[in-house]
Amino acid sequence: MSLVIVGSLAFDTIHTPWGRREGIVGGSGTYCSLAASFFTSPKVVGVVGKDFPPAVIRLFKARGIDVEGLEVRPGKTFHWEGRYGYDPNQRETIRTDVNVYEGYRPELPASYRKAEIVFLANIDPDLQDGILAQVRRPKLVAMDTMNHWIRSKPRAIGRVLKKVDILFANDEEIRMLTGETNLIKAGKKILAAGPRLVVTKKGEHGALVFGRRFVFGVLANPCEDVVDPTGAGDSFAGGFLGYLDKKKSFSPPDIRRAAVYGSVLASFAIEDFGIGRLKSLTRREIETRFRRFRKLVSF
Ligand code: AMP
């Protein structure tokens with residue numbers, strides 16, 4: 001099959017109680033594409049400024065990521081600054097500079113329009129909608145979003161939500177979207193709005209995959225040193241969708257395995273700042289941790 005990923009390619013400034021990094025490469029599209037590239041050859045859509053390191057674009061190509069849909073424009077790359085406290089599940093956005101994403105409305109390359117899986121990673125929901133209008137007949141569409149867009153563009157999010165099969169969101173975002181505090185009630189509201197599955201990411205505690213007649217819980221890897229939680233959600237989605245793309249199947253057992261691979265990829269992403277750990281990661285390490293996850297929950 002083929003997987004198209006639309007998201008941000010960014011510079012991030014990260015503050016954690018243990019350290020700070022300024023202007024390191026991040027972005028929802030970056031994390032997601034790298035994570036998916038362990039299973040398939042995703043096609044990325046996004047824009048970067050002239051300041052974006054060519055070495056990262058070379059890394060994408062070396063990983064089999066199709067960059068035909070990646071534009072380099074005069075101007076500055078998207079920049080996000082965030083702070084984490086001692087609880088890695090809580091973060092505060094200090095600033096967001098959309099820069100070259102301002103007014104960006106990409107034309108999808110012809111080969112992208114036939115994609116069978118489309119992932120609308122966290123980005124302006126109007127942009128997500130514009131991408132959907134250009135793909136022919138995908139078998140599966142998934143989306144992610146963030147409090148920034150839920151606050152600033154709730155109607156656009158509602159429009160996209162109606163057209164997707166899977167929503168990835170953390171518990172705070174699901175509560176914001178639905179106004180429900182109970183996650184099961186909130187999940188049901190989302191299912192009534194369009195998606196067939198809601199993947200509720202619960203940070204260092206794992207994720208709950210919730211459908212009308214389907215519930216599956218996956219733990220997160222017990223990790224002593226969370227270095228940088230940024231990108232965990234996008235890496236989860238990349239592992240999840242990359243695996244489904246490789247398997248060419250959306251059967252319930254494959255959805256369960258996809259959720260475990262998602263959790264495995266997220267667990268690696270948080271072990272270093274930025275994309276550091278995803279750069280050095282190997283397929284073998286992924287399989288070893290997958291087996292460890294299986295042991296963790298067998299009783
Ligand atoms: P995650 O930790 O998986 O939820 O995603 C973190 C990534 O999202 C960071 O690398 C940021 O660059 C990116 N990001 C933050 N805010 C936004 C936003 N408003 N739109 C798109 N991407 C964003």
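1. The largest cavity holds about 30 Å³ of space. The model is a predicted one, and the structure has one cavity of 30 Å³ or more.

2. Lining the largest cavity are L183, I184, G187, T200, L208 and F210. Two elements, α7 (183–193) and β12 (207–211), each give two or more residues to this lining. The largest share is that of α7, with three residues. Sorted by class, the lining has four nonpolar residues, two polar ones and no charged ones.

3. The space taken by the ligand is the largest pocket. Elements with two or more residues in the shell around the ligand are β2 (10–16), α1 (28–36), β6 (78–84), α4 (147–152) and α8 (232–247). Of these, α8 gives the most, with three residues.

4. The ligand is surrounded by 20 residues, and the closest are D12, G27, R91, G231 and D234. By class, the shell has eight nonpolar, nine polar and three charged residues.

5. Which atoms of R91 and D234 lie by the oxygen atoms of the ligand? In R91, a polar side-chain atom lies 2.8 Å from an oxygen atom of the ligand. In D234, a polar side-chain atom is 2.6 Å from a ligand oxygen atom. For G233, a polar backbone atom is 3.2 Å from an oxygen atom of the ligand.

6. On its own, the ligand has 510 Å² of accessible area, and the protein covers 96% of that area.

Notes:
Residues are numbered from 1 along each chain as its sequence is written. This is a predicted model: local features need pLDDT of at least 70, side-chain atom pairs count only at pLDDT 80 or more; totals for chains, interfaces and linings use all residues. Side-chain values use heavy atoms; hydrogens and water are left out. A residue is near a molecule or strand if one of its heavy atoms lies within 4 Å of it. A polar contact is a pair of N or O atoms within 3.5 Å; within protein, one must be able to donate a hydrogen and the other to accept it, and residues adjacent in sequence count only if both atoms are side-chain atoms. Accessible areas come from the Shrake-Rupley method with a 1.4 Å probe; for residues, only the protein chains shown count as cover. On a 1 Å grid over the protein atoms alone, a cavity is a set of points where a 1.4 Å probe fits but cannot get out, and a pocket is an open set with protein on both sides within 12 Å along at least five of seven lines; lining residues have an atom within 4 Å of a point. A molecule sits in a cavity or pocket if more than half of its atoms lie within 2 Å of its grid points. Helices (H or I, at least four residues) and strands (E, at least two) are DSSP runs, numbered from the N terminus. Ala, Val, Leu, Ile, Met, Phe, Trp, Tyr, Cys and Pro count as nonpolar, Asp, Glu, Lys and Arg as charged, and the others, Gly among them, as polar. Grid points are joined across faces, edges and corners, and a volume is the space filled by probe spheres set on the points.
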